[in-house]
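Subject: Structure for your review

Dear colleague,

Please find below the structure that I am handing over to you. I would be grateful if you could look through it alongside the notes that come after it.

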Amino acid sequence: MKLTNLPKAEPALDPKFLKNLGIKSYDADNLYPQNVRNIVLNSKTGSGCLERYIDYIEGRGIASEPLAGFVVNLDGETLADLHSQVSADLGTNEGFAIHVNYDIDGGIVSLHHIPFENARIAEPDEEGNIRKVALHPDWTGQLTRNGKPVKITKDTVDYLDVFNPDPEIVLAQIQEAGGPQFYKGQIYYYSRQGFLVYPYARFHAVLSDMSTDEGLSNIMNRNVRNNFLPAGAFVRLKSQGAPYSGDDADAQPQVEDEGYAEDLAALQGDTEALKMLDITIESKEEMPEFINMQGNNYDKEFTVTAAEIKDCIYAAFGQEGWLAIRNGKVGFSGTLVADVERDYAKRQIKTQKALSRCYKTLLRAWTTAQPLPAEPNDANLAIIPLVDTTTPTKA
């Protein structure tokens with residue numbers, strides 16, 4: 001079959017040029033990172049896999065303890081804090097952003113983590129170069145300050161220069177801004193898809209499966225909350241109540257149905273299950289009849305779907321080993337778990353080396369006015385895997 005005869009696949013991202021903001025949108029609605037986060041957080045399988053993925057990217061931290069504990073900004077955050085925040089963004093979005101500020105000599109004096117979902121790429125200029133990264137605290141437009149929404153306009157968006165530590169360029173940008181007090185700094189924008197390219201999540205292909213996983217959870221919730229009760233129904237003649245004893249002989253008798261119905265309704269739901277209802281009657285003729293009702297359990301209807309969804313999500317994160325152990329397919333032993341953990345830690349070494357190179361690029365331009373406690377080289381900035389990746393020798 002010819003490739004041209006196959007149905008055309010939709011692009012992973014559908015960016016558009018937003019002329020009023022001068023940026024390229026992150027997907028059609030400019031909310032790709034926000035949408036991904038919401039889908040993952042609502043999927044119990046997806047959120048669990050993502051948490052493990054982030055943990056293994058972060059590892060046990062930066063090899064050099066002096067560098068890990070080095071304070072990188074006026075908020076008191078250390079390089080280890082920055083690494084933890086960056087790892088979370090990289091795991092979720094396959095990208096991260098860092099705000100870089102300089103002194104008057106062109107040396108870096110501070111590094112701040114920027115939530116990746118707050119950063120957008122400016123449209124290229126006539127020469128095809130992207131020179132700015134746009135920042136906004138909430139691209140959904142739902143953020144409020146003092147009760148007023150923070151609108152998304154050029155006035156509320158900050159446009160910062162793309163990272164370039166060349167001292168001459170930095171000083172030129174400082175002069176163009178009107179001096180150090182007006183200079184906003186630069187943005188170090190990292191994407192696994194390439195230089196200043198919007199990344200798509202590693203698990204993009206299973207976002208629909210994660211959404212289905214959320215739907216299955218909702219079905220199970222409704223099944224438990226609403227399906228099992230009532231276990232039966234009371235059928236009775238309408239109560240005529242006590243006879244009226246007043247002077248008005250035409251008056252209607254008192255009706256006691258309302259309280260009875262409220263008592264029955266109060267016994268419905270999972271939190272009220274198995275309680276007893278006390279009924280007092282005047283005669284056997286008033287005794288209500290109970291009809292047993294068999295509820296349907298829909299959990300088994302979705303067993304195959306739930307298993308397939310879980311398989312797909314675990315596979316997207318490369319965590320099939322944990323799923324096999326969880327399902328009891330390969331047994332359970334300390335040695336087996338250690339093998340799975342060691343294999344997954346090895347898979348993250350490439351990502352961890354990329355992070356180390358990023359940190360080295362940033363710290364090599366650090367100001368000489370505040371010397372670093374250790375040389376920012378490959379060994380000192382290496383990220384220690386979460387578990388030992390060396391294969392144990394057999395006795």
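This is a predicted model: local features need pLDDT of at least 70, side-chain atom pairs count only at pLDDT 80 or more; totals for chains, interfaces and linings use all residues.

Helix α2 covers residues 44–58. Just after α2 comes glycine 59, with a positive phi of about 65°.

The largest nonpolar core has 75 residues, and the members that touch the most others are Leu111, Tyr189 and Phe203. Leaving aside residues up to four places away in sequence, the contacts of tyrosine 189 include Tyr26, Phe96, Phe116, Val133 and Pro199. Another core, of six residues, lies apart from this one; Leu21, Leu31, Ala134 and Trp139 are among its members.

The structure as a whole contains 10 salt bridges. In one of them, glutamate 117 pairs with arginine 37, with 2.7 Å between the closest N and O atoms. This pair links distant parts of the chain, 80 residues apart: glutamate 117 is in the loop between β4 and β5, and arginine 37 is in helix α1. Glutamate 117 counts as partly exposed at 21% relative accessibility, and arginine 37 likewise counts as partly exposed at 32%.

A further salt bridge joins aspartate 339 to arginine 342, at 2.4 Å between the closest N and O atoms. Both residues lie in helix α10, three residues apart, or about one turn of the helix. Aspartate 339 is partly exposed, at 35% relative accessibility, whereas arginine 342 is buried, at 12%.

Lysine 360 and aspartate 378 also form a salt bridge, at 2.5 Å from N to O. Lysine 360 belongs to helix α11, while aspartate 378 is in the segment after α11. Salt bridges also link Asp125, Glu127 and Arg131 in a network.

Finally, asparagine 20 sits in the loop between β1 and β2 and counts as exposed, at 54% relative accessibility. Asparagine 20 and threonine 153 are 133 residues apart in sequence, yet their C-alpha atoms are 7.6 Å apart in space.

With kind regards

Notes
Residues are numbered from 1 along each chain as its sequence is written. Side-chain values use heavy atoms; hydrogens and water are left out. Helices (H or I, at least four residues) and strands (E, at least two) are DSSP runs, numbered from the N terminus. The expected span of a helix is 1.5 Å times one less than its number of residues. A nonpolar core is a set of buried Ala, Val, Leu, Ile, Met, Phe, Trp, Tyr and Cys residues joined through side-chain atoms within 4.5 Å. Buried means under 20% relative accessible area, exposed over 50%, partly exposed in between (1.4 Å probe, protein chains only). Contact means heavy atoms within 4.5 Å. A salt bridge is a side-chain nitrogen of Lys or Arg within 4 Å of a carboxyl oxygen of Asp or Glu.
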